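Good morning, and thank you for coming. I should like to take you through one model today, beginning with a helix and moving on to aromatic rings, cores and a few individual residues.

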Amino acid sequence: MEDWLQALKAASAREFFEPGPPDHHDFLSGHHHWYATSHARPTYCNVCREALSGVTSHGLSCEVCKCKVHKRCAAKAISNCKWTTLASVGKDIIEDHDGNIVMPHQWMEGNLPVSSKCLVCDKTCGSVMRLQDWRCLWCRSTVHTACRPQAPNSCPLGPARVSMVPPTSLHSIGLDEAWDVCKPHGSFSPLLVFVNSKSGDNQGVKFLRRFKQLLNPAQVFDLISSGPGLGLRLFRHFDPFRILICSGDGSVGWVLSEIDHLNMQVSVHTRYQGAPCRKMRRSN
């Protein structure tokens with residue numbers, strides 16, 4: 001009865017969150033991007049910490065950081081979605097002994113994958129009984145609450161490190177509409193991802209969500225909403241960088257035409273299902 005009363009009060013006060021159309025620039029704001037979903041195992045709200053329950057929909061999930069909330073709690077969730085730029089890291093910025101900015105972990109509490117192991121003690125962590133323990137949104141490490149103070153401060157970024165643009169490397173957008181880039185140490189060949197969200201019977205939406213979870217959301221663009229021009233202009237100061245196009249031949253041609261339009265010289269590798277990889281050189 002109490003839940004019903006709270007729901008009625010929230011509805012009368014218009015506190016329920018209603019998802020709107022996605023905006024790529026909004027991914028730089030730290031706001032969550034919710035969609036209705038269900039779960040095969042007990043899952044808990046990151047706001048009120050109570051279990052999510054329902055018949056057809058078990059609350060909302062953020063498509064980037066996988067934060068979980070009741071629909072009535074979404075408006076109360078803090079804007080702590082996955083970082084995109086140095087400014088979004090804010091007070092969590094750390095430096096090494098030489099004064100260089102180092103990528104920190106970004107921890108999200110609870111709802112850990114099954115059989116998660118603690119980064120510090122290597123014992124099983126997480127729980128299906130409550131919101132418990134932590135996971136890093138970048139390297140996928142998990143850690144007990146008690147062990148977290150002993151965890152390393154710097155984040156190794158995980159297996160996708162070479163393809164990822166750390167938020168600490170994106171400082172600002174210059175007058176030429178391109179990222180002002182601070183190249184991280186080590187091997188670095190970031191992946192610029194274009195996905196047609198309408199492709200494959202709308203399966204492209206799932207690809208968009210997954211790539212935003214695996215990489216920096218600032219690397220992933222929906223061709224339907226923004227086209228290829230925005231991503232190519234933002235990334236043109238990266239040297240080198242790679243492009244992944246998740247769509248059909250028409251979208252590939254669209255991206256290549258935009259590359260010509262921007263006078264970018266690119267070595268292009270294309271792979272089609274069942275066909276060998278071929279390489280061609282495009283110059284202007």
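Helix H7 (residues 249-261) has 13 residues, which at 1.5 Å a residue should span 18 Å; the C-alpha atoms at its ends are 18 Å apart, so the two values agree. The expected span here is 1.5 Å times one less than the number of residues in the helix. Helices (H or I, at least four residues) and strands (E, at least two) are DSSP runs, numbered from the N terminus.

Please note that this is a predicted model, in which local features need pLDDT of at least 70 and side-chain atom pairs count only at pLDDT 80 or more, whereas totals for chains, interfaces and linings use all residues. Residues are numbered from 1 along each chain as its sequence is written, and side-chain values use heavy atoms, with hydrogens and water left out.

Which residues of H7 are buried? They are Ser251, Val252, Val255, Leu256, Glu258 and Ile259. They cover an arc of only 155° around the axis, and therefore lie on the same side of H7; the arc is that of the directions from the helix axis to the C-beta atoms. As a reminder, an α-helix has 3.6 residues a turn, so residues three or four places apart point the same way. The face of H7 turned away from the buried side carries the exposed residues Asp249, Gly250 and His261. Buried means under 20% relative accessible area, exposed over 50%, and partly exposed in between (1.4 Å probe, protein chains only). Just after H7, Asn263 takes a positive phi of about 55°.

**Aromatic rings**

How many aromatic pairs does a search of the whole structure find? The search finds four. Rings of Phe, Tyr and Trp (its six-membered ring) pair if their centres lie within 6.5 Å; planes under 30 degrees apart count as stacked, over 60 as edge-to-face and the rest as tilted. The rings of Phe194 and Phe221 have centres 6.0 Å apart and planes at 45°, so this pair is tilted. The pair links distant parts of the chain, with Phe194 in strand S11 (residues 191-195) and Phe221 in strand S12 (residues 220-222), 27 residues apart. Phe194 counts as buried at 0% relative accessibility, and Phe221 counts as buried at 0% as well.

The rings of Phe235 and Phe238, with centres 4.7 Å apart and planes at 25°, form a stacked pair.

The charged end of Lys82 sits over the ring of Trp138, 4.4 Å from its centre, and Arg209 lies over the face of Tyr35, at 3.6 Å from the ring centre. The criterion is that NZ of Lys or CZ of Arg is within 6 Å of the ring centre and within 35 degrees of the ring normal.

**Nonpolar cores**

The largest nonpolar core has 40 residues, and those with the most contacts inside it are Trp34, Val69 and Trp138. A nonpolar core is a set of buried Ala, Val, Leu, Ile, Met, Phe, Trp, Tyr and Cys residues joined through side-chain atoms within 4.5 Å. The largest share of this core, three residues, comes from S11. A second, separate core of 21 residues includes Leu192, Ala218, Phe235 and Leu262.

In helix H4 (204-214), Gly204, Leu208, Phe211, Lys212 and Gln213 are buried. The buried residues of H4 pack against S11, helix H3 (199-202), S12 and strand S13 (242-246), where contact means heavy atoms within 4.5 Å.

**Individual residues in loops**

Cys125 is placed in the loop between S6 and S7 and counts as buried at 4% relative accessibility. The C-alpha atoms of Cys125 and His144 are separated by 6.0 Å, although these residues are 19 apart along the chain. Asp133 is also in the loop between S6 and S7; Asp133 has a positive phi of about 70° although it is not a glycine, and is buried, with a relative accessible area of 4%.

Lys66, in the loop between S2 and strand S3 (68-69), has a positive phi of about 65° and counts as partly exposed at 34% relative accessibility. Finally, the peptide bond from Asp239 to Pro240 is cis, with omega near 0°, and Pro240 lies in the loop between helix H6 (229-235) and S13.
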